[in-house]
Amino acid sequence: MSRSMALVAAAALIVLAALRTSPAAAGIQRGVRREVSYDGRALILDGRRRMLFSGEMHYTRSTPEMWPTLIAKAKEGGLDVVQTYVFWNVHEPVKGQYNFLGRYDLVKFIKEIQAQGLYVSLRIGPFIEAEWKYGGFPFWLHDQHMQRFVTRIVNMMKHEGLYYPQGGPIIISQIENEYQMLQPAFGSSGPRYIHWAASMAVNLQTGVPWMMCKQDNAPDPVINSCNGLTCGETFVGPNSPNKPALWTENWTSRFLTYGSDTQLRSPEDIAFTVALFLARKKGSFVNYYMYHGGTNFGRFASSYVTTSYYDGAPLDEYGLIWQPTWGHLRELHAAVKQSSEPLLFGKYSSFLLGQEQEAHVFESELKCVAFLVNFDKSQMPKVTFRHLSFQLAPKSISIISDCRSVVYETAKVKTQHGSRTDEVVQSLSDINTWRAFKEPIPLEVKKAMYTTSQLLDQLSATKDETDYLWYIVSHDYRAIGDDQLVLLNVESRAHMVHAFVNNQYVGSVHGSHDEGGNIILKARISLMEGQNTISLLNVMVGSPDSGAHMERRVFGIRKVAVQNGKQPQQVLNNRLWGYQVGLLGERNRIYTRVGLNSIEWETINDTTYHPLTWYKTKFATPAGNDAVALNLAGMGKGEVWINVESIERYWVSFKAPSGNPSQSLFHIPRHFLKPQGNTLVLFEEMGGNPKQIT
């Protein structure tokens with residue numbers, strides 16, 4: 001960014017002026033002035049400090065038909081705010097061409113939140129991470145300026161009258177996202193950029209505060225906020241006594257990656273960390289990331305991340321209430337709200353009750369509330385507080401209303417445990433209903449899309465418009481003696497490689513989320529005397545979502561070598577390589593109505609299922625209103641479409657340490673379905689059995 005702009009120093013109380021807009025356009029009654037400000041204790045709405053509980057929901061990870069119910073359940077769960085990122089790469093996939101339709105209709109989503117009486121925390125980014133490919137950046141961006149997009153989003157919100165001073169629900173916005181984690185990689189430019197980004201945002205004059213998460217040195221008047229599991233312990237605190245303690249991401253579980261087992265977080269632990277943040281840090285804003293995770297439709301998940309996103313959140317992937325988490329947090333919100341007055345206005349004090357026990361007290365002239373904390377994970381100590389005896393459960397916080405009676409215990413779950421069941425309503429086992437199309441393997445270098453005498457990077461070639469890039473090379477083989485062992489060695493920075501020699505499959509290799517670096521395929525191969533064709537399908541399973549200099553990362557094949565017996569390796573890197581971007585089925589869009597008729601589909605027999613095969617069938621819409629899922633446990637790896645809509649990638653053959661697939665059920669929003677005659681198309685890389693799909 002070209003230069004740093006001067007920032008206006010914050011006063012003891014930051015008051016952000018109301019936007020100038022016509023009362024008619026903003027839907028505000030004349031004479032009523034709305035404003036958002038903050039001080040060292042809380043966000044202030046219309047002159048009143050507020051204790052706010054927020055839940056993260058991403059409009060891109062559900063459908064507009066789901067939004068009203070999701071928001072209603074969030075409100076019923078005791079939330080005041082819905083927080084969301086803005087996803088740049090869905091809104092501007094091509095530079096200058098914008099998309100705010102369907103599940104990308106940000107304005108409609110915000111207006112639905114407003115209609116249900118909740119506020120909005122808008123995280124414009126534009127870098128968001130969020131386990132979303134390229135962290136929300138469009139692929140075309142690289143090092144171009146972000147100011148244009150941020151300004152466009154802000155002006156869109158202003159035009160629709162959605163900022164709080166205009167009568168709208170947006171009470172706070174976020175600029176940048178966790179930049180501090182990679183700032184050292186940019187040297188002296190890092191701090192200059194942070195000052196520029198803060199100044200740019202503030203100068204847009206939204207009338208509401210701006211925040212930066214995980215940015216301890218956020219310049220005034222931007223508020224620094226915390227992300228993490230235990231911000232009551234890890235947060236350094238506001239960088240000014242005039243700023244409130246905000247927690248922008250309290251992770252309700254762990255996002256799931258292929259090859260991993262689900263890691264759920266207990267409601268007791270979530271409640272403990274919230275109460276500790278309120279007590280120790282005098283927090284007044286807590287956002288659950290995620291409150292509803294949803295579904296990563298359409299290849300937008302980042303590297304190795306599953307289609308299902310934060311399924312263990314208070315509202316699960318399907319929008320169902322996840323008990324007891326939802327209910328336990330709802331009771332926490334109610335207990336805290338009844339003591340908002342001392343929490344926001346009272347005098348704070350803290351002291352030890354024992355070696356691992358603390359008391360945090362907020363007391364005003366009218367009311368008193370105390371948080372009695374026990375960090376001991378095994379003992380149930382009795383403590384004395386204001387001449388009263390309290391027994392504290394292991395690793396728990398008791399909220400003491402009026403400093404006398406227990407109204408909530410984080411370790412005591414009163415909500416009944418729930419369970420989610422699934423029932424098979426249709427089996428797609430009739431072989432006669434299936435048709436197949438074998439994806440052709442490119443065999444001639446000179447007939448490829450383009451050729452060059454070097455190994456190219458995957459994303460530079462595909463522009464991230466497909467997961468697949470074919471590398472094709474010809475190799476002249478001359479046998480030396482009898483029974484010679486020929487070894488093919490392929491090194492790639494991608495996530496998977498499938499290898500074919502003379503149209504025959506010879507092997508695959510893949511990586512994992514937690515093990516970066518090269519993946520190496522070593523396969524014994526048979527070669528014909530003379531010319532042979534080696535066809536390598538390099539595969540991505542999502543793009544990176546974070547880190548410095550993402551535009552410099554490479555994911556292509558780095559080395560290809562053939563070794564004949566004990567002879568020296570023949571490295572093929574500088575041979576003439578042919579490149580084929582994507583699959584023929586993708587280019588023909590055979591998952592669409594027109595594309596389905598562009599190829600010759602064949603019947604399939606009962607025993608042979610080949611890799612790199614497209615399948616199609618039809619199914620009826622299940623009766624009722626329950627959530628619908630596709631069980632792909634019998635498949636391997638690929639992508640699935642329902643009535644043209646991409647349900648995203650599946651990879652059930654990559655087992656977790658438990659021996660189970662990381663995900664085998666894939667959400668089909670009912671809005672994707674027709675009354676009858678739904679078309680299912682899938683591309684299978686490994687050779688799974690479509691007859692087992694239900």
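First, some ground rules. The model is predicted, so to speak of local features a pLDDT of at least 70 is needed, while side-chain atom pairs count only at pLDDT 80 or more, and totals for chains, interfaces and linings use all residues. Residues are numbered from 1 along each chain as its sequence is written, and side-chain values use heavy atoms, with hydrogens and water left out.

**The barrel**

Let's start with the strands. Eight of them form a closed barrel with parallel pairing, in the order β5-β6-β7-β8-β9-β10-β11-β12. Strands (E, at least two residues) and helices (H or I, at least four residues) are DSSP runs, numbered from the N terminus. Two strands count as paired if DSSP finds at least two bridges between them. Strand β5 (residues 52–57) pairs with β12 (residues 285–292) in the parallel sense, over five bridges. Here M57 stands opposite H292 of β12.

Which strands does helix α9 touch? Helix α9 (residues 325–337) packs on the sheet against β5 and β12, and its direction makes about 165° with that of β12. Such angles run from 0 to 180 degrees between N-to-C directions, with axes fitted to C-alpha atoms, for helices over the stretch in contact. Contact, by the way, means heavy atoms within 4.5 Å.

Most residues other than glycine have a negative phi, and most peptide bonds are trans. Two cis bonds turn up here: one joins Y289 and M290, with omega about 0°, and one joins Q323 and P324, with omega about 10°. M290 lies in strand β12, whereas P324 is in the loop between β12 and α9.

Now for phi. D46 is not a glycine, yet its phi is positive, about 55°. You'll find D46 in the loop between β3 (43–45) and β4 (48–50), where D46 is partly exposed, at 41% relative accessible area. H387 isn't a glycine either, and its phi is about 70°. H387 sits in the loop between β16 (382–385) and β17 (388–391) and is exposed, at 80%. Buried means under 20% relative accessible area, exposed over 50%, and partly exposed in between (1.4 Å probe, protein chains only).

**The cores**

A nonpolar core is a set of buried Ala, Val, Leu, Ile, Met, Phe, Trp, Tyr and Cys residues joined through side-chain atoms within 4.5 Å. The largest one has 114 residues, and L122, M157, I171 and F371 touch the most other members. Helix α8 (residues 267–280) gives the most to this core, with nine residues. A second, separate core has 52 residues, including L428 and W641.

**The cysteines**

How many disulfides are there? The count comes to two, where a disulfide is a pair of cysteine sulfur atoms within 2.5 Å.

| Disulfide | S to S | S-S torsion |
|---|---|---|
| C226 to C231 | 2.0 Å | about -85° |
| C368 to C403 | 1.7 Å | about -60° |

C226 and C231 are both buried, and so are C368 and C403. C368 lies in strand β15 (residues 368–374) and C403 in the loop between β18 (396–401) and β19 (405–409), so this pair ties together parts that are 35 residues apart in sequence. C213 is in no disulfide, and the nearest cysteine sulfur, that of C226, is 9.2 Å away. C213 is buried too, with a relative accessible area of 2%.
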